[in-house]
Structure formats: structure tokens, C-alpha cells
Amino acid sequence: MSVFDHVEFDGHEQVAFFKDKKTGLQAIIAVHNTNLGPSLGGCRMWPYANSADALNDVLRLSKGMTYKAAMAQLKLGGGKAVIIGDPRKHKSPELMAAMGRFVEQMGGRYITAEDSGIAVSDIQLMAANTKHVSGIQAKYRFDGGKADGNPAPSTAYGVFKGLEASVKYALGTDLQGVKVAVQGMGHVGYRLADHLHQQGAQLYVTDIYPDNVNEAVEKFGAIAVEPDEIFDLDVDVYAPCAMGASVNQQTLERLKVKVIAGAANNQLAQESIGELVRKKGILYAPDYVINAGGVIDIYHQRMLSTAEAMRSHIEGIADTLTEIYQRSDSEQQPTNVISNQIAEERFLTK
Ligand code: NAD
């Protein structure tokens with residue numbers, strides 16, 4: 001299939017393919033849109049079955065970054081990189097250095113960061129050959145604590161503020177006594193549970209591994225449930241913080257909640273699920289809006305800023321969501337559609 005006719009090509013400005021004979025590096029960088037600024041997005045390393053799968057992934061992810069940056073009011077565009085290979089078998093310092101050369105060849109139109117299969121140490125190896133990297137010089141933490149470059153605390157704080165605003169909009173209350181089911185007690189989900197507990201929410205938590213679940217039970221008084229039980233609970237909020245596509249036709253039939261607000265990327269199995277969610281009277285916080293705390297964090301690390309400025313920028317997620325909800329109500333359109341429209345108004349008309 002030609003790249004230009006690819007179903008996910010959708011207005012990409014540039015797609016670059018790179019093959020380095022010496023190290024065996026095969027990588028693709030996709031720059032979706034740079035109207036608002038240079039494109040930023042993580043570099044993923046994955047054992048794709050073929051280059052078509054890798055192309056599909058990089059195009060889809062880079063487009064998502066354009067929408068995320070636009071909704072977070074960042075002077076950044078959307079881009080992404082993928083390395084074809086198994087990070088446990090094919091990683092080497094030379095391979096990462098070659099990837100750094102590839103990033104450098106983009107001339108600053110693409111700024112890389114960590115993603116699945118790529119650690120901060122890999123970005124440091126790339127940085128030997130390019131200055132267009134992020135996530136390796138953390139200076140600020142939204143709560144004034146010592147910055148370590150992990151964006152998860154900022155992501156969790158943004159999801160917490162967004163969830164709080166969503167509950168206020170849908171139920172007209174604060175979080176005291178509100179029942180929240182959190183799927184996934186990982187880097188973000190566990191920290192989200194901590195914030196929610198501090199505001200008096202009643203937590204139901206699940207994970208496929210027990211460690212953090214047990215800790216949440218002990219520390220936050222959470223009720224542990226089996227992974228599949230999470231969709232059947234009689235609760236107010238479902239907070240997906242594990243993998244994508246957990247909101248689909250089957251799970252939607254089971255969910256009794258009034259709000260869906262969580263950190264996971266690509267929560268809706270298809271965009272069309274958004275309308276079914278709306279018709280069921282559930283308020284859905286568009287994933288790339290509510291989970292933007294991490295990219296806001298990276299943005300502030302790249303410029304002269306302060307912990308307070310970063311914190312207030314992350315807290316702005318709540319206002320953005322409220323604006324989406326109001327427009328969704330007045331136009332009788334699903335929140336994911338409204339969010340896409342607002343993002344496009346920002347980056348296409350620039
Ligand atoms: P993580 O890998 O630390 O946590 C995910 C957790 O979900 C793990 O503990 C895993 O065991 C659990 N899990 C997987 N499948 C499950 C299932 N079926 N049922 C219950 N639990 C399951 O990842 P994270 O960094 O916490 O990110 C969580 C989600 O948020 C991901 O979708 C990620 O893409 C998204 N996200 C993360 C960030 C960030 O800053 N880390 C930023 C934006 C979006």
C-alpha cells in the first residue's frame with residue numbers, strides 16, 4: 001500500500017523511514033502537524049510483525065499527539081517514532097546512537113521522548129547525536145518535590161483534577177463519598193487512587209498483579225475486585241488506567257456509572273462508541289484531554305518555568321473538560337467528537 005493512500009495518513013506533514021546497515025536499526029518517524037510548534041512524541045520500540053504494522057502504529061500515534069498538544073494549549077505539534085525490534089533482544093548503545101542521528105536529521109521538526117520499550121537511559125544514548133530529545137533533564141515537579149523525569153505523577157494529578165471536574169459536572173458534588181472504580185494500579189492508577197482517597201472518595205480497585213492492589217487496600221481503604229468484576233460494580237465513576245479499548249459495546253452494557261474518567265490512551269474501542277456512551281447518560285472525559293498532565297510536564301521541563309506554572313497548567317485540564325461538556329450538551333454531540341473539533345479549530349486554523 002502506498003503511504004499517501006494509507007487510511008491513517010490523514011494529512012501527515014512528513015513520514016521518514018530510516019535504515020542503518022551497521023546497527024540494523026529500522027525506524028519510522030511521523031510528523032503529523034507542526035502548525036502550533038515542533039512535533040513532540042515518544043519513541044516506541046516494539047517487535048512489529050512487519051513494517052506495515054509499524055507504519056500504522058506511528059501514524060495513529062503521531063496524529064493523537066497533535067490533538068493532545070492542541071487541547072493542552074501547548075506550543076507543540078504531534079509526532080511519534082517507532083523502532084522495529086524487540087527491546088529485550090535488539091537494543092544496543094549503537095542502535096540508540098543511530099536513532100539519535102535519525103532524530104537529528106529531522107532538523108528539530110520532531111522531538112523525541114520515552115515510550116513503551118524505550119527508557120530514559122536510551123534517550124540519553126540518543127542525545128549523544130541530537131539535542132532534539134526531552135525527558136532527560138527534569139527540573140520541576142508540579143508539587144514542588146524533587147523532579148526525577150517520571151511524568152506519571154503529573155499525569156495522575158491531571159486525571160485527578162479532571163475526574164473531580166467531571167463529577168462536579170455530572171453529579172453536582174465534590175468527591176466525598178463518591179464511589180470510583182479504578183482499573184489498573186500502575187504508575188498512574190495508584191497515584192490517582194491516592195489523590196481520590198485524600199478527597200474522601202470510596203475506592204474499588206483492580207489489577208492483574210496483586211502488589212499495588214494490596215497496598216491500596218491497606219493505605220486507602222480500597223475494596224479489591226477481580227479484573228473482570230470492575231465493569232459490574234454499582235459505582236459512580238469508572239477510571240480506566242490500564243490498557244486501551246476497555247470501553248466497548250460489551251462493557252458499556254455492563255457499566256452502571258455516570259462518569260468515565262481515567263488515564264488510559266484510546267479508551268473507546270472505536271470513536272463511534274462515544275455516541276453510545278452519551279446516549280446512556282454517561283459523561284466521558286476524552287482520554288487525550290484528561291491524561292495530558294505528562295506531556296504538559298515534559299513541555300515545562302523544556303523551558304524556563306516553575307513548579308507553580310506547571311501545576312496551574314495541569315489544573316487547566318479541568319476547565320478544558322468543562323468547556324467540552326458544555327459544548328457537548330448544547331450541540332448534543334458526544335464529548336470525543338467535540339474534543340476533536342476544538343483541537344482541529346486550534347491546529348488547523350493556525
Ligand atoms: P503501568 O503499566 O504502570 O500501569 C498499568 C497497570 O494496568 C499495570 O499495573 C497492569 O498490571 C494493569 N493492567 C493491565 N491489564 C489490566 C487489566 N485487564 N485489568 C486490570 N489491570 C490491568 O502504566 P501507567 O504508566 O500507569 O499508564 C496507565 C495508562 O495510562 C496506560 O494506558 C498509558 O498509556 C496511559 N498514560 C500514561 C501516562 C504516564 O505518564 N504514565 C501518560 C498518558 C497516558
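**Helix pairs and domains**

Reply: Start with helix H5 (residues 187–198) and helix H6 (residues 211–220): they pack at an angle of about 10°, and their axes are 11 Å apart. The model is predicted.

Me: Why is H5 called roughly parallel to H6?

Reply: Angles under 35 degrees count as roughly parallel. The H5 and H6 angle is about 10°. Therefore H5 is roughly parallel to H6.

Me: Which residues of H5 and H6 meet?

Reply: From H5, Tyr190, Ala193, Asp194 and His197. From H6, Asn212, Glu215, Ala216, Lys219 and Phe220. The residues of this contact of H5 with H6 divide into 4 nonpolar, 2 polar and 3 charged.

Me: What makes H10 roughly antiparallel to H11?

Reply: The axes of helix H10 (residues 293–301) and helix H11 (residues 307–331) cross at roughly 150° and come within 10 Å. Angles over 145 degrees count as roughly antiparallel. So H10 is roughly antiparallel to H11. The crossing of H10 past H11 is right-handed.

Me: Which residues of H10 and H11 make the contact?

Reply: H10 brings Gly293, Ile296, Asp297, Tyr299, His300 and Gln301. H11 brings Ala309, Met310, His313, Ile314 and Ile317. By class, the contact of H10 with H11 has 6 nonpolar, 4 polar and 1 charged.

Me: Why are H11 and H12 called roughly perpendicular?

Reply: H11 packs with helix H12 (residues 335–348) at an angle of about 115°, the axes being 9 Å apart. The range for roughly perpendicular is 65 to 115 degrees. Therefore H11 and H12 are roughly perpendicular to each other. Their crossing is right-handed.

Me: What makes up the contact of H11 with H12?

Reply: On H11, Glu323, Ile324, Tyr325, Arg327, Ser328 and Glu331. On H12, Thr335, Ile338, Ser339, Gln341, Ile342, Glu345 and Arg346. The classes are 4 nonpolar, 4 polar and 5 charged.

Me: Now the domains. What does the domain assignment give?

Reply: Domain 1 (3–62 + 77–126) and domain 2 (152–347). Their C-alpha centres lie 28 Å apart. The contact takes 7 residues from domain 1 and 6 residues from domain 2.

Me: How do you know what area is buried between domain 1 and domain 2?

Reply: Buried area is the accessible area that two parts lose on being put together, summed over both. For domain 1 and domain 2 that comes to about 530 Å². Carbon and sulfur atoms give 67% of this area. In domain 1, Leu36, Leu40 and Ile111 lose the most area to domain 2. Together they account for 56% of what the domain 1 side buries.

Terms used: Residues numbered from 1 in each chain as written. Predicted model: local features only at pLDDT ≥ 70, side-chain atom pairs only at ≥ 80, totals over all residues. Heavy atoms only, no water. Axes fitted to C-alpha atoms, helices over the stretch in contact; angles between N-to-C directions. Helix = DSSP H or I, 4+ residues; strand = E, 2+ residues; numbered from the N terminus. Left-handed = near helix turned anticlockwise from the far one by under 90°. Contact = heavy atoms within 4.5 Å. Nonpolar A, V, L, I, M, F, W, Y, C, P; charged D, E, K, R; others polar. Domains from an automatic or database assignment. Buried area = accessible area lost by both parts, 1.4 Å probe.
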